[in-house]
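Q: I would like to learn how to read the features of a model like this one. Can we go through them one at a time?

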Amino acid sequence: MKNKFKLYMISVMLVCMLVCTGIALYKGLTEQRVVKNLGEDRQIIFAADLREGGRGTYVYTVSDSTLHKLSEDVFHNLSFFPDSGKLVGVLNEERYQGLAEYRMEESETTILLNAEELRHYFPDPVVFEGREDILKIKGIQPVDEGILFDYMFNVYQFSVKDKKKELERVYDGTVDMRSYIPLSGGDSFIVGTFRLDGKYRIDKNYTDGSHPKFICYGGPLMACSKDGSTLVYMNQDRIYRRAMEKRKAKELDMHLPMLGEIKYLSLSADERYVAYLRKENAIIPFFTDTYKLYVADIHTGESALLQSWDEENEFYGLSW
């Protein structure tokens with residue numbers, strides 16, 4: 001009887017080992033395929049304070065897994081503008097603070113709106129008290145005539161016309177607004193809001209004042225294709241892709257939500273892939289939490305782990 005039980009347990013263990021080996025092999029091959037399909041010129045930019053490298057803004061090249069520091073400055077809430085080859089973010093350094101751009105080809109930083117100029121545009125101290133409020137500038141994204149960003153539940157467009165800086169409020173939000181994405185054509189935009197019941201809601205709004213169209217529950221992190229046909233969003237610490245004309249969403253992030261938190265996500269310029277940074281909680285005693293950088297194909301749902309860092313590192317923004 002004892003021998004039969006031993007044989008049974010050995011069989012169970014062998015089956016479990018084979019299943020685990022098969023899963024690991026499948027995952028490894030899938031990750032190789034995702035990285036190969038990405039091509040050689042894919043780069044992900046992020047701002048961080050790394051234990052090995054220090055504070056700054058970095059570029060990660062997917063094809064060879066290399067990390068290069070672009071700037072000693074930390075561009076918070078950054079966004080890369082592929083058409084102009086520059087990244088735009090928020091600086092809160094000792095030497096200068098404000099909305100700034102970094103031109104990749106020239107390796108030069110330019111302040112677009114400094115702290116004093118922001119005080120001019122936002123004179124109410126309740127709205128802009130000083131240096132720390134600069135970091136409330138979020139949702140930075142390119143538009144045809146300048147730079148769009150949200151600040152304190154409203155959306156603004158910054159531009160330079162005839163060498164004169166202009167800042168125009170283009171959308172009056174409410175205290176529950178968390179995300180704003182304009183769509184091509186200029187007649188509609190996506191808005192993410194936080195509800196009193198603790199849920200995030202995503203709607204499509206129209207500039208002519210038509211009644212908003214409810215899309216789904218999800219947020220606050222999200223990205224959308226320029227034509228508005230595909231939405232990538234977070235919901236309860238998982239990532240989904242939804243075709244606007246369909247009701248069903250495809251899950252891209254297969255991790256358990258209680259074991260981690262998605263900090264940033266960004267859609268690639270060709271709108272084929274999404275990169276996201278996830279903080280994963282340690283489930284084994286004496287192990288530390290980790291930050292992991294993933295990329296997922298939004299059409300196939302296949303994903304790959306690109307890089308990981310321990311919890312002693314800090315991150316402040318991510319973009320393709």
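A: The model is a predicted one. Partly exposed is the class between buried, under 20%, and exposed, over 50%.

Q: Where is L259 placed in the secondary structure?
A: L259 is in the loop between β19 (249–251) and β20 (260–267). Its C-alpha atom is separated by 8.6 Å from that of K279, and the two residues are 20 residues apart along the chain.

Q: How many helices and strands does the protein chain have?
A: The protein chain has two helices and 24 strands. It has 320 residues, and 43% of them count as buried.

Q: What share of the contacts with a separation of 6 or more comes from residues 24 or more positions apart?
A: In the protein chain that share is 36%.

Q: How many aromatic pairs are there, by the ring-centre rule?
A: Two aromatic rings pair if their centres lie within 6.5 Å. The count here comes to 14 aromatic pairs.

Q: Is the pair of Y171 and F189 stacked or edge-to-face?
A: The angle between the planes settles that: under 30 degrees counts as stacked and over 60 as edge-to-face. For Y171 and F189 the ring centres are 5.1 Å apart and the planes are at 65°, so this pair is edge-to-face.

Q: Which parts does the pair of Y171 and F189 tie together?
A: Y171 belongs to strand β11 (residues 164–171) and F189 to strand β13 (residues 188–194), so the pair joins parts that are 18 residues apart in sequence. F189 has 8% relative accessibility and counts as buried.

Q: How are the rings of Y276 and Y294 arranged, stacked or edge-to-face?
A: Their centres are 5.3 Å apart and their planes at 15°, so the pair is stacked. Y276 is in strand β21 (residues 273–280) and Y294 in strand β22 (residues 290–297), so here too the pair ties together parts 18 residues apart in sequence.

Q: Are Y276 and Y294 buried or exposed?
A: Y276 is buried, at a relative accessible area of 0%. Y294, at 6% relative accessibility, also counts as buried.

Q: Which residues do ring pairs link into a cluster?
A: The cluster consists of F46, Y58, Y291, W309 and F315.

Q: Which residue lies over the face of Y217?
A: A charge can sit over a ring as well as another ring can pair with it. In this model K199 lies over the face of Y217, at 5.1 Å from the ring centre.

Q: How many cavities of 30 Å³ or more are there?
A: A cavity is space where a probe fits but cannot get out. The count is one cavity of 30 Å³ or more, and the largest cavity holds about 40 Å³ of space.

Q: Which residues line the largest cavity?
A: The lining is made by Q157, S159, K161, E166, L167 and E168. β10 (154–161) and β11 are the elements that give two or more residues to this lining. By class, the lining has one nonpolar, two polar and three charged residues.

Q: What surrounds S159, and is it buried or exposed?
A: S159 is in strand β10 and counts as buried, at 7% relative accessibility. Leaving aside residues up to four places away in sequence, S159 touches E145, G146, K164, K165 and E166. E166 is also among the residues that line the largest cavity.

Notes. Residues are numbered from 1 along each chain as its sequence is written. This is a predicted model: local features need pLDDT of at least 70, side-chain atom pairs count only at pLDDT 80 or more; totals for chains, interfaces and linings use all residues. Side-chain values use heavy atoms; hydrogens and water are left out. Rings of Phe, Tyr and Trp (its six-membered ring) pair if their centres lie within 6.5 Å; planes under 30 degrees apart count as stacked, over 60 as edge-to-face and the rest as tilted. Helices (H or I, at least four residues) and strands (E, at least two) are DSSP runs, numbered from the N terminus. Buried means under 20% relative accessible area, exposed over 50%, partly exposed in between (1.4 Å probe, protein chains only). A charge sits over a ring if NZ of Lys or CZ of Arg is within 6 Å of the ring centre and within 35 degrees of the ring normal. On a 1 Å grid over the protein atoms alone, a cavity is a set of points where a 1.4 Å probe fits but cannot get out, and a pocket is an open set with protein on both sides within 12 Å along at least five of seven lines; lining residues have an atom within 4 Å of a point. Grid points are joined across faces, edges and corners, and a volume is the space filled by probe spheres set on the points. Ala, Val, Leu, Ile, Met, Phe, Trp, Tyr, Cys and Pro count as nonpolar, Asp, Glu, Lys and Arg as charged, and the others, Gly among them, as polar. Contact means heavy atoms within 4.5 Å.
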